[in-house]
Structure formats: structure tokens, C-alpha cells
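Let's take a walk through this structure together.

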Amino acid sequence: MGKEMLVTASMFTLIDREVAFLGLNVDENIKDYQKKIEKFINDNSFVLILTDMLTATTTRVSALLLKYENVEIVTGLNLVMLLCALREKSNFDLKTLAEVVKQEALEDIIDIRRFMQLKNKNRKE
């Protein structure tokens with residue numbers, strides 16, 4: 001999922017070398033995956049990890065790396081979240097960026113039926 005998200009995001013914005021997809025392959029050892037993430041962390045001044053699910057193995061392995069001060073993790077990956085992170089990464093410190101990314105993603109999650117009903121109700125008033 002993450003790889004396709006980066007491909008899609010690249011249609012909207014430039015993806016630089018500081019951004020990477022570090023997926024867990026089916027045949028990959030968990031310890032090797034953790035080492036791969038740790039190398040990325042050590043090679044960068046700060047790392048915002050975006051994962052798809054709170055209970056996913058990728059999230060659980062990443063959570064072990066919160067021992068590093070230059071790491072934050074936000075779950076629930078969607079395209080809005082990724083685009084926000086790419087757009088805002090140079091505008092905020094890491095902790096603020098994590099919160100901004102989360103908030104923007106949450107604001108884009110809407111029950112369209114309810115939204116349209118409220119919009120139509122407000123028009124009638």
C-alpha cells in the first residue's frame with residue numbers, strides 16, 4: 001500500500017530522497033526489517049513514520065524505535081496524510097508535524113451522506 005501511495009503522491013508533489021517506503025516483505029525477518037528502519041533513522045535528522053494500521057506488524061516494529069528522539073509514528077495512512085507530510089515537513093518540528101499530519105487526515109474523513117444532508121439542511125434555512 002505504501003509504495004503505491006508514494007507513486008500517487010508523486011503525481012501531486014516532488015518526492016525527495018528523504019522520503020522512503022520501507023515495507024515489510026512476506027519473506028522478510030522482523031529483525032532485518034527493524035534494522036532497515038533503524039538505518040533509515042540513523043541516516044536522517046528526523047523521521048515521521050506513517051503506517052496503515054495501529055495493530056499492523058509494521059507499526060509494532062516501528063514502535064520499538066520510539067527510543068530514538070528523532071522518530072514519531074502516525075497510523076491510519078491515507079493520501080491526504082502523506083501529501084500533508086510531504087508538503088509540511090520543512091515547516092514544522094517533528095512532533096508538531098506529526099500532529100498536523102494527523103489532524104489534516106482526520107479532517108478529510110467524512111461521512112458523505114451526513115455531510116450532504118447537513119449542507120442541504122443549511123441551504124434551506
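**Starting from one residue**

Gln34 is buried, with a relative accessible area of 12% (buried means under 20% relative accessible area, exposed over 50%, and partly exposed in between, using a 1.4 Å probe and protein chains only). You'll find Gln34 in helix H2, residues 30–42. Helices (H or I, at least four residues) and strands (E, at least two) are DSSP runs, numbered from the N terminus. Setting aside neighbours within four places in sequence, Gln34 is in contact with Val61, Leu64 and Leu65, where contact means heavy atoms within 4.5 Å.

Before going further, a word on what you're looking at. This is a predicted model, where local features need pLDDT of at least 70 and side-chain atom pairs count only at pLDDT 80 or more, while totals for chains, interfaces and linings use all residues. Residues are numbered from 1 along each chain as its sequence is written, and side-chain values use heavy atoms, with hydrogens and water left out.

Now zoom out. The protein chain has six helices and two strands, and from the N terminus on they run α-α-β-α-β-α-α-α. Along its principal axes, the C-alpha trace spans about 60 × 30 × 30 Å. Of the 125 residues in the protein chain, 34% count as buried. Take the contacts between residues at least 6 apart in sequence: 59% of them join residues at least 24 apart.

Back to the partners of Gln34. One of them, Val61, is found in helix H3, residues 57–63. Val61 counts as buried because its relative accessibility is 4%. Beyond its neighbours within four places in sequence, Val61 is in contact with Ile30, Tyr33, Gln34 and Ile37. Val61 and Ile37 are 24 residues apart along the chain, and their C-alpha atoms are separated by 9.0 Å.

Next comes Val47, in strand E1, residues 47–51. Val47 is buried too, with a relative accessible area of 4%. Not counting residues up to four places away in sequence, Val47 touches Phe40, Ile41, Asn70, Val71, Glu72 and Leu94. Val47 and Val61 are 14 residues apart along the chain, with 15 Å between their C-alpha atoms.

**The main core**

What about the nonpolar residues? In soluble globular proteins, nonpolar side chains tend to be buried together. A nonpolar core here is a set of buried Ala, Val, Leu, Ile, Met, Phe, Trp, Tyr and Cys residues joined through side-chain atoms within 4.5 Å. The largest one has 17 residues, and those touching the most other members are Ala9, Leu48, Val74, Leu77, Met81, Leu82 and Val101. Helix H1 (2–9), helix H4 (79–88) and helix H5 (94–107) are the elements that each give two or more residues to this core. H4 supplies the largest share, six residues. There's also a second, separate core of nine residues, which includes Ile37, Phe40, Val47 and Leu65.

Leu77 sits in the loop between strand E2 (71–75) and H4. Is Leu77 buried or exposed? At 14% relative accessibility, Leu77 counts as buried. Leaving out residues up to four places away in sequence, Leu77 touches Met1, Gly2, Met5, Leu50, Thr51, Asp52 and Leu82. Leu77 and Met5 are 72 residues apart in sequence, yet 9.0 Å apart in space, C-alpha to C-alpha.

**Helices side by side**

Met5 brings us to H1, whose buried residues are Gly2, Met5, Leu6 and Ala9. They cover an arc of only 100° around the axis, so they lie on the same side of H1 (the arc is that of the directions from the helix axis to the C-beta atoms). Why would such a spacing work? An α-helix has 3.6 residues a turn, so residues three or four places apart point the same way. The buried residues of H1 pack against H4.

H4 also meets H5. Their axes come within 8 Å and cross at roughly 145° (axes are lines fitted to C-alpha atoms, for helices over the stretch in contact, and angles run from 0 to 180 degrees between N-to-C directions). On the H4 side the contact is made by Val80, Met81, Cys84, Ala85, Arg87 and Glu88, and on the H5 side by Leu97, Val100, Val101, Glu104 and Ala105.

Finally, look at Ile112, in helix H6, residues 112–124. At 52% relative accessibility, Ile112 counts as exposed.
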